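Have a look at the model first, then read on.

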Amino acid sequence: MSVRTNRPRRRLLTSMAAVFAAGAFVVGCTSNEPEEEDQPAAAETGGGDDGDGGSGNDEPGETVVIGFSGPEADHGWLAAVNDSAIAEAESYEDVELRTAEGTNDANLQISQIETFINEGVDAIVLLPTDGAQLTEVAIRAMEAGIPVVNVDREFSSPFAARATILGDNHGMGISAGTYACQLIEENGIADPVIAEIAGIDSLPLTQDRSRGFAEALEACGQEVDNRVAAEFTVESGEEQAANLLQAAPQIDIIWNHDDDQGVGVKQAFDNAGRDEFFFIGGAGSANAMQWIQDGEMEATILYPPTQAADGIRLARLIAQNKGMSDLVQVEVPRRIVLNAPVVNADNVEDYLHLGFES
(Lines give C-alpha, C1' and ligand atoms only; values in the text may rest on other atoms or scores of the structure.)
Protein backbone atom coordinates (compact mmCIF):
# COMPACT_ATOMS: atom_id res chain seq x y z
CA MET A 1 0.00 0.00 0.00
CA SER A 2 1.26 3.45 -0.82
CA VAL A 3 -0.36 6.40 0.88
CA ARG A 4 -0.11 9.79 -0.75
CA THR A 5 2.91 11.67 0.61
CA ASN A 6 3.47 14.39 -1.99
CA ARG A 7 3.73 17.19 0.51
CA PRO A 8 6.52 19.53 1.52
CA ARG A 9 8.29 19.27 4.83
CA ARG A 10 6.24 21.14 7.37
CA ARG A 11 6.28 22.56 10.83
CA LEU A 12 5.38 19.82 13.30
CA LEU A 13 2.08 20.03 15.09
CA THR A 14 2.98 18.97 18.59
CA SER A 15 0.09 20.67 20.32
CA MET A 16 -3.39 21.99 19.67
CA ALA A 17 -3.88 24.71 17.11
CA ALA A 18 -3.50 28.19 18.54
CA VAL A 19 -7.08 29.01 17.71
CA PHE A 20 -8.17 26.53 20.35
CA ALA A 21 -5.55 27.33 22.97
CA ALA A 22 -7.73 29.75 24.89
CA GLY A 23 -11.07 28.04 24.54
CA ALA A 24 -10.72 24.29 24.42
CA PHE A 25 -10.63 22.62 27.82
CA VAL A 26 -9.04 19.21 27.88
CA VAL A 27 -10.85 16.17 29.25
CA GLY A 28 -10.06 12.50 29.85
CA CYS A 29 -12.13 9.43 29.15
CA THR A 30 -15.01 10.20 31.50
CA SER A 31 -15.53 12.91 34.06
CA ASN A 32 -18.23 14.08 36.41
CA GLU A 33 -15.69 15.99 38.46
CA PRO A 34 -16.15 19.75 38.95
CA GLU A 35 -13.98 21.72 36.56
CA GLU A 36 -10.67 22.89 37.91
CA GLU A 37 -7.70 24.45 36.23
CA ASP A 38 -5.37 21.86 34.74
CA GLN A 39 -1.78 22.02 35.89
CA PRO A 40 0.82 21.67 33.11
CA ALA A 41 2.99 18.60 33.29
CA ALA A 42 6.55 19.47 34.20
CA ALA A 43 9.55 17.74 32.78
CA GLU A 44 9.48 14.23 34.12
CA THR A 45 11.24 13.47 37.36
CA GLY A 46 12.73 10.35 38.79
CA GLY A 47 13.12 6.99 37.09
CA GLY A 48 15.66 5.72 34.65
CA ASP A 49 14.06 6.41 31.26
CA ASP A 50 16.16 7.89 28.49
CA GLY A 51 16.01 11.65 28.38
CA ASP A 52 15.49 12.37 32.06
CA GLY A 53 17.32 15.46 33.14
CA GLY A 54 17.78 14.23 36.67
CA SER A 55 16.94 15.95 39.94
CA GLY A 56 17.03 15.50 43.67
CA ASN A 57 13.90 13.40 43.29
CA ASP A 58 15.96 10.76 41.48
CA GLU A 59 17.86 9.96 44.64
CA PRO A 60 16.56 6.93 46.55
CA GLY A 61 14.37 7.81 49.51
CA GLU A 62 12.26 5.97 52.00
CA THR A 63 10.90 2.74 50.53
CA VAL A 64 7.24 3.05 49.56
CA VAL A 65 4.74 0.30 48.78
CA ILE A 66 2.49 1.09 45.82
CA GLY A 67 -0.52 -0.97 44.83
CA PHE A 68 -1.37 -0.99 41.13
CA SER A 69 -4.63 -2.14 39.58
CA GLY A 70 -5.76 -1.84 35.97
CA PRO A 71 -8.07 -3.48 33.45
CA GLU A 72 -7.36 -6.72 31.64
CA ALA A 73 -4.78 -6.20 28.90
CA ASP A 74 -7.12 -7.20 26.07
CA HIS A 75 -6.06 -4.26 23.90
CA GLY A 76 -2.57 -3.30 22.74
CA TRP A 77 -2.71 0.09 24.40
CA LEU A 78 -3.84 -1.35 27.75
CA ALA A 79 -1.09 -3.97 27.66
CA ALA A 80 1.45 -1.19 27.12
CA VAL A 81 -0.05 0.81 30.00
CA ASN A 82 0.27 -2.11 32.40
CA ASP A 83 3.75 -3.07 31.25
CA SER A 84 5.04 0.49 31.49
CA ALA A 85 3.78 0.81 35.06
CA ILE A 86 5.64 -2.31 36.12
CA ALA A 87 8.82 -1.27 34.30
CA GLU A 88 8.71 2.19 35.86
CA ALA A 89 8.37 0.77 39.38
CA GLU A 90 11.29 -1.58 38.74
CA SER A 91 13.49 1.40 37.84
CA TYR A 92 13.31 2.63 41.46
CA GLU A 93 15.09 0.82 44.25
CA ASP A 94 12.83 2.56 46.78
CA VAL A 95 9.53 1.31 45.27
CA GLU A 96 7.88 -1.98 46.11
CA LEU A 97 5.07 -2.59 43.63
CA ARG A 98 2.14 -4.86 44.40
CA THR A 99 0.25 -5.58 41.20
CA ALA A 100 -3.31 -6.87 41.12
CA GLU A 101 -4.33 -9.12 38.25
CA GLY A 102 -5.85 -7.12 35.41
CA THR A 103 -9.63 -7.40 35.22
CA ASN A 104 -12.63 -5.90 33.45
CA ASP A 105 -14.88 -6.87 36.37
CA ALA A 106 -15.53 -3.75 38.44
CA ASN A 107 -16.52 -5.78 41.52
CA LEU A 108 -13.28 -7.76 41.40
CA GLN A 109 -11.28 -4.57 41.02
CA ILE A 110 -13.09 -3.10 44.03
CA SER A 111 -12.03 -6.12 46.08
CA GLN A 112 -8.44 -5.64 44.89
CA ILE A 113 -8.44 -2.06 46.17
CA GLU A 114 -9.96 -3.22 49.45
CA THR A 115 -7.04 -5.65 49.77
CA PHE A 116 -4.57 -2.82 49.23
CA ILE A 117 -6.36 -0.79 51.91
CA ASN A 118 -6.23 -3.69 54.38
CA GLU A 119 -2.52 -4.19 53.63
CA GLY A 120 -1.84 -0.54 54.38
CA VAL A 121 0.06 0.27 51.20
CA ASP A 122 1.57 3.74 50.96
CA ALA A 123 -0.18 4.70 47.71
CA ILE A 124 -2.48 3.24 45.06
CA VAL A 125 -2.29 3.77 41.30
CA LEU A 126 -5.63 2.87 39.78
CA LEU A 127 -6.78 2.71 36.17
CA PRO A 128 -10.42 1.79 36.83
CA THR A 129 -12.52 -0.46 34.64
CA ASP A 130 -15.22 2.12 35.25
CA GLY A 131 -14.48 5.41 36.96
CA ALA A 132 -17.90 5.82 38.52
CA GLN A 133 -18.06 2.29 39.93
CA LEU A 134 -14.59 2.52 41.50
CA THR A 135 -15.18 5.94 43.04
CA GLU A 136 -16.53 4.76 46.39
CA VAL A 137 -13.68 2.37 47.15
CA ALA A 138 -11.16 5.02 46.07
CA ILE A 139 -12.72 7.44 48.53
CA ARG A 140 -12.38 4.80 51.26
CA ALA A 141 -8.68 4.48 50.44
CA MET A 142 -8.24 8.24 50.63
CA GLU A 143 -10.10 8.35 53.97
CA ALA A 144 -7.75 5.64 55.24
CA GLY A 145 -4.83 7.97 54.52
CA ILE A 146 -3.71 6.21 51.34
CA PRO A 147 -3.24 8.62 48.42
CA VAL A 148 -4.82 7.42 45.19
CA VAL A 149 -3.52 8.33 41.73
CA ASN A 150 -6.36 8.05 39.22
CA VAL A 151 -5.24 7.08 35.70
CA ASP A 152 -7.08 7.71 32.40
CA ARG A 153 -10.71 7.03 33.44
CA GLU A 154 -11.85 9.61 35.93
CA PHE A 155 -13.70 9.02 39.18
CA SER A 156 -17.02 10.75 39.71
CA SER A 157 -15.90 12.58 42.85
CA PRO A 158 -12.98 14.95 43.45
CA PHE A 159 -12.51 13.30 46.86
CA ALA A 160 -11.53 9.95 45.31
CA ALA A 161 -7.99 10.85 44.20
CA ARG A 162 -5.01 12.84 45.38
CA ALA A 163 -3.84 13.20 41.77
CA THR A 164 -5.33 12.41 38.37
CA ILE A 165 -3.36 11.85 35.18
CA LEU A 166 -5.16 11.71 31.86
CA GLY A 167 -4.72 11.43 28.15
CA ASP A 168 -6.42 14.08 26.05
CA ASN A 169 -9.20 12.62 23.91
CA HIS A 170 -10.62 15.97 22.88
CA GLY A 171 -7.10 17.14 22.12
CA MET A 172 -6.56 14.08 19.90
CA GLY A 173 -9.48 15.18 17.76
CA ILE A 174 -8.23 18.75 17.60
CA SER A 175 -4.72 17.61 16.65
CA ALA A 176 -6.10 15.32 13.94
CA GLY A 177 -8.44 17.97 12.56
CA THR A 178 -5.82 20.72 12.63
CA TYR A 179 -3.36 18.45 10.84
CA ALA A 180 -5.99 17.59 8.24
CA CYS A 181 -6.52 21.30 7.63
CA GLN A 182 -2.78 21.71 7.19
CA LEU A 183 -2.66 18.88 4.66
CA ILE A 184 -5.50 20.45 2.70
CA GLU A 185 -3.74 23.81 2.55
CA GLU A 186 -0.27 22.50 1.76
CA ASN A 187 -1.47 20.17 -0.97
CA GLY A 188 -4.00 22.55 -2.49
CA ILE A 189 -6.87 20.09 -2.15
CA ALA A 190 -10.04 21.70 -3.51
CA ASP A 191 -13.35 20.56 -2.02
CA PRO A 192 -11.73 17.75 0.04
CA VAL A 193 -13.61 14.60 1.03
CA ILE A 194 -12.86 13.87 4.70
CA ALA A 195 -13.73 10.58 6.39
CA GLU A 196 -13.66 9.43 10.01
CA ILE A 197 -13.47 5.92 11.45
CA ALA A 198 -14.43 6.30 15.10
CA GLY A 199 -14.32 3.89 18.00
CA ILE A 200 -17.33 2.85 20.07
CA ASP A 201 -19.78 5.72 19.73
CA SER A 202 -21.39 5.23 23.14
CA LEU A 203 -18.12 5.93 24.96
CA PRO A 204 -17.36 9.48 26.12
CA LEU A 205 -13.80 9.15 24.84
CA THR A 206 -15.05 8.55 21.29
CA GLN A 207 -17.47 11.44 21.57
CA ASP A 208 -14.67 13.71 22.78
CA ARG A 209 -12.38 12.70 19.93
CA SER A 210 -15.09 13.25 17.31
CA ARG A 211 -16.07 16.59 18.82
CA GLY A 212 -12.48 17.84 18.74
CA PHE A 213 -12.05 16.66 15.14
CA ALA A 214 -15.21 18.45 14.03
CA GLU A 215 -14.24 21.65 15.85
CA ALA A 216 -10.80 21.76 14.26
CA LEU A 217 -12.18 21.08 10.79
CA GLU A 218 -14.78 23.80 11.24
CA ALA A 219 -12.00 26.29 11.94
CA CYS A 220 -10.72 25.82 8.36
CA GLY A 221 -14.17 25.61 6.80
CA GLN A 222 -14.31 21.83 6.49
CA GLU A 223 -16.45 19.00 7.86
CA VAL A 224 -16.59 15.22 7.99
CA ASP A 225 -18.24 13.89 4.83
CA ASN A 226 -18.30 10.16 5.64
CA ARG A 227 -18.21 8.58 9.08
CA VAL A 228 -18.37 5.02 10.44
CA ALA A 229 -17.80 3.66 13.95
CA ALA A 230 -15.85 0.50 14.79
CA GLU A 231 -15.29 -1.19 18.19
CA PHE A 232 -11.54 -0.90 18.83
CA THR A 233 -10.95 -4.37 17.37
CA VAL A 234 -9.13 -5.49 14.24
CA GLU A 235 -12.24 -7.25 12.92
CA SER A 236 -14.55 -4.29 13.38
CA GLY A 237 -11.96 -1.93 11.94
CA GLU A 238 -11.69 -3.96 8.75
CA GLU A 239 -15.46 -4.32 8.42
CA GLN A 240 -16.26 -0.66 8.95
CA ALA A 241 -13.41 0.57 6.77
CA ALA A 242 -14.65 -1.67 3.95
CA ASN A 243 -18.12 -0.17 4.36
CA LEU A 244 -16.64 3.31 4.25
CA LEU A 245 -14.69 2.64 1.06
CA GLN A 246 -17.75 1.24 -0.65
CA ALA A 247 -19.77 4.33 0.27
CA ALA A 248 -17.11 6.82 -0.82
CA PRO A 249 -15.40 6.21 -4.18
CA GLN A 250 -13.01 9.11 -3.59
CA ILE A 251 -11.54 10.19 -0.22
CA ASP A 252 -8.80 12.73 0.45
CA ILE A 253 -8.21 12.33 4.21
CA ILE A 254 -9.17 9.58 6.67
CA TRP A 255 -8.78 9.80 10.43
CA ASN A 256 -9.02 6.48 12.26
CA HIS A 257 -9.37 6.96 16.03
CA ASP A 258 -7.48 3.87 17.17
CA ASP A 259 -4.34 2.17 15.88
CA ASP A 260 -5.35 -1.24 17.26
CA GLN A 261 -8.47 -1.29 15.11
CA GLY A 262 -6.26 0.37 12.50
CA VAL A 263 -4.69 -3.01 11.72
CA GLY A 264 -8.04 -4.06 10.28
CA VAL A 265 -8.61 -0.65 8.74
CA LYS A 266 -5.37 -0.84 6.79
CA GLN A 267 -6.18 -4.40 5.72
CA ALA A 268 -9.41 -3.12 4.20
CA PHE A 269 -7.47 -0.42 2.36
CA ASP A 270 -5.06 -3.03 1.00
CA ASN A 271 -7.88 -5.39 0.01
CA ALA A 272 -9.61 -2.62 -1.92
CA GLY A 273 -6.40 -1.32 -3.47
CA ARG A 274 -7.22 2.18 -2.22
CA ASP A 275 -4.42 4.58 -1.36
CA GLU A 276 -5.48 7.93 -2.76
CA PHE A 277 -5.93 9.49 0.68
CA PHE A 278 -3.86 10.72 3.59
CA PHE A 279 -4.27 8.11 6.34
CA ILE A 280 -4.10 9.46 9.91
CA GLY A 281 -4.28 7.14 12.92
CA GLY A 282 -4.71 7.48 16.66
CA ALA A 283 -2.93 6.25 19.84
CA GLY A 284 0.59 5.62 18.55
CA SER A 285 1.09 1.89 18.02
CA ALA A 286 4.35 0.38 16.84
CA ASN A 287 2.51 -0.79 13.71
CA ALA A 288 1.44 2.76 12.89
CA MET A 289 4.92 4.15 13.43
CA GLN A 290 6.38 1.49 11.15
CA TRP A 291 3.80 2.32 8.47
CA ILE A 292 4.75 5.99 8.78
CA GLN A 293 8.41 5.11 8.30
CA ASP A 294 7.51 2.95 5.30
CA GLY A 295 5.42 5.70 3.69
CA GLU A 296 2.19 3.73 4.10
CA MET A 297 0.60 6.07 6.63
CA GLU A 298 0.68 9.83 6.95
CA ALA A 299 0.58 10.27 10.73
CA THR A 300 -0.85 9.11 14.04
CA ILE A 301 -2.05 11.13 17.01
CA LEU A 302 -0.44 10.05 20.27
CA TYR A 303 -2.54 8.89 23.21
CA PRO A 304 0.30 8.22 25.64
CA PRO A 305 0.60 4.65 26.96
CA THR A 306 2.81 6.08 29.71
CA GLN A 307 -0.09 7.23 31.88
CA ALA A 308 0.22 4.48 34.48
CA ALA A 309 4.01 4.79 34.50
CA ASP A 310 3.60 8.50 35.13
CA GLY A 311 1.11 7.53 37.84
CA ILE A 312 3.78 5.39 39.51
CA ARG A 313 6.15 8.36 39.50
CA LEU A 314 3.53 10.64 40.99
CA ALA A 315 2.56 8.08 43.63
CA ARG A 316 6.21 7.72 44.68
CA LEU A 317 6.62 11.49 45.00
CA ILE A 318 3.40 11.88 46.94
CA ALA A 319 4.19 9.02 49.31
CA GLN A 320 7.65 10.48 49.95
CA ASN A 321 6.22 13.98 50.47
CA LYS A 322 8.08 15.36 47.47
CA GLY A 323 7.00 17.74 44.74
CA MET A 324 7.83 17.97 41.04
CA SER A 325 11.26 19.50 40.77
CA ASP A 326 10.54 21.67 37.73
CA LEU A 327 7.54 23.38 39.32
CA VAL A 328 7.66 26.23 41.81
CA GLN A 329 4.62 24.63 43.50
CA VAL A 330 5.92 22.48 46.35
CA GLU A 331 3.44 19.64 45.88
CA VAL A 332 2.46 17.31 43.06
CA PRO A 333 -0.44 18.84 41.05
CA ARG A 334 -3.89 17.37 41.51
CA ARG A 335 -4.56 17.04 37.80
CA ILE A 336 -2.28 16.52 34.80
CA VAL A 337 -3.43 16.15 31.20
CA LEU A 338 -0.87 14.78 28.76
CA ASN A 339 -0.43 16.23 25.30
CA ALA A 340 -1.76 14.64 22.08
CA PRO A 341 0.96 15.41 19.51
CA VAL A 342 1.00 14.56 15.82
CA VAL A 343 3.58 11.89 14.97
CA ASN A 344 4.60 11.87 11.31
CA ALA A 345 7.65 11.17 9.17
CA ASP A 346 9.34 14.29 10.48
CA ASN A 347 9.40 13.24 14.13
CA VAL A 348 8.52 9.54 14.31
CA GLU A 349 12.03 8.63 15.48
CA ASP A 350 11.38 10.63 18.65
CA TYR A 351 8.34 8.52 19.53
CA LEU A 352 9.33 4.99 18.52
CA HIS A 353 10.09 4.03 22.11
CA LEU A 354 6.44 4.72 23.01
CA GLY A 355 4.98 2.53 20.26
CA PHE A 356 2.97 -0.44 21.53
CA GLU A 357 2.23 -3.74 19.82
CA SER A 358 -1.33 -4.08 18.52
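Helix α8 (residues 259–272) and helix α9 (residues 286–293) have axes that come within 8 Å and cross at roughly 50°. That makes α8 oblique to α9 (under 35 degrees is roughly parallel, over 145 roughly antiparallel, 65 to 115 roughly perpendicular, and the rest oblique). This is a predicted model, where local features need pLDDT of at least 70, side-chain atom pairs count only at pLDDT 80 or more, and totals for chains, interfaces and linings use all residues. Residues are numbered from 1 along each chain as its sequence is written, and side-chain values use heavy atoms, with hydrogens and water left out.

**The α8 and α9 contact**
- On the α8 side, Asp259, Gly262, Val263 and Lys266 meet Asn287, Ala288 and Trp291 of α9 (contact means heavy atoms within 4.5 Å).
- Sorted by type, the residues of this contact are three nonpolar, two polar and two charged, with Gly counted as polar.

**Strand β6**
- Five of the five residues of β6 (residues 194–198) are buried, so the strand is largely enclosed by the rest of the structure (buried means under 20% relative accessible area, with a 1.4 Å probe and protein chains only).
- Both faces are covered, with Ile194, Glu196 and Ala198 on one side and Ala195 and Ile197 on the other.

**Neighbours of β6**
- β6 runs parallel to β8 (residues 253–256), joined by four bridges (pairing takes at least two DSSP bridges), and Ile194 has Ile253 as its bridge partner there.
- β6 also pairs in the parallel sense with β7 (residues 226–229) over four bridges, where Ala198 partners Ala229.

Technical notes. Buried means under 20% relative accessible area, exposed over 50%, partly exposed in between (1.4 Å probe, protein chains only). Helices (H or I, at least four residues) and strands (E, at least two) are DSSP runs, numbered from the N terminus. Axes are lines fitted to C-alpha atoms, for helices over the stretch in contact, and angles run from 0 to 180 degrees between N-to-C directions.
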